[in-house]
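Have the structure open while you read.

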Amino acid sequence: MLNSDIVECFNNIGILIDADQDNFILNEYILDSLTFVSMIVEIEEKFNVRIPDEYLSSNSLETYKDIENMLDKLSS
């Protein structure tokens with residue numbers, strides 16, 4: 001469920017990710033700060049969370065797994 005919801009967030013901002021891709025480097029798909037912010041907003045809305053400032057840099061969220069781990073921490 002988490003995987004398909006994250007993939008949906010990417011697809012909603014125009015980044016087409018295959019649902020079978022369970023890890024990839026975000027910088028391969030997110031090429032600018034506007035796209036990064038769009039991803040953050042989309043995730044916040046989809047999962048009804050507020051992402052803390054510590055995650056709001058491309059160094060904190062480098063891979064797809066980093067997003068999963070962040071969401072696990074925020075939901076617990």
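Keeping in mind that this is a predicted model, start with the helices: α1 passes α3 in a right-handed crossing. On the α1 side, the contact is made by L2, N3, I6, V7 and F10, and on the α3 side by Y64, I67, E68, L71 and D72.

Now for the rings. How many aromatic pairs does the structure hold? There are three. Two of them are set out here:

| Pair | Distance between ring centres | Angle between planes | Type |
|---|---|---|---|
| F10 and F24 | 5.7 Å | 75° | edge-to-face |
| F24 and Y29 | 4.9 Å | 70° | edge-to-face |

Both of these count as edge-to-face because their planes are over 60 degrees apart.

F10 sits in helix α1, while F24 is in the loop between α1 and α2 (33–47), so their pairing ties together parts that are 14 residues apart in sequence.

Buried or exposed, where does F10 fall? F10 is buried, at 1% relative accessibility. F24 is buried too, with a relative accessible area of 6%, whereas Y29 is partly exposed at 27%.

Put together, F10, F24, Y29 and Y64 form one aromatic cluster. Two of its members, F10 and Y64, also take part in the contact of α1 with α3.

Conventions:
Residues numbered from 1 in each chain as written. Predicted model: local features only at pLDDT ≥ 70, side-chain atom pairs only at ≥ 80, totals over all residues. Heavy atoms only, no water. Left-handed = near helix turned anticlockwise from the far one by under 90°. Helix = DSSP H or I, 4+ residues; strand = E, 2+ residues; numbered from the N terminus. Contact = heavy atoms within 4.5 Å. Phe/Tyr/Trp six-rings, centres within 6.5 Å; stacked < 30°, edge-to-face > 60°. Buried < 20%, exposed > 50% of the residue type's maximum accessible area, 1.4 Å probe, protein only.
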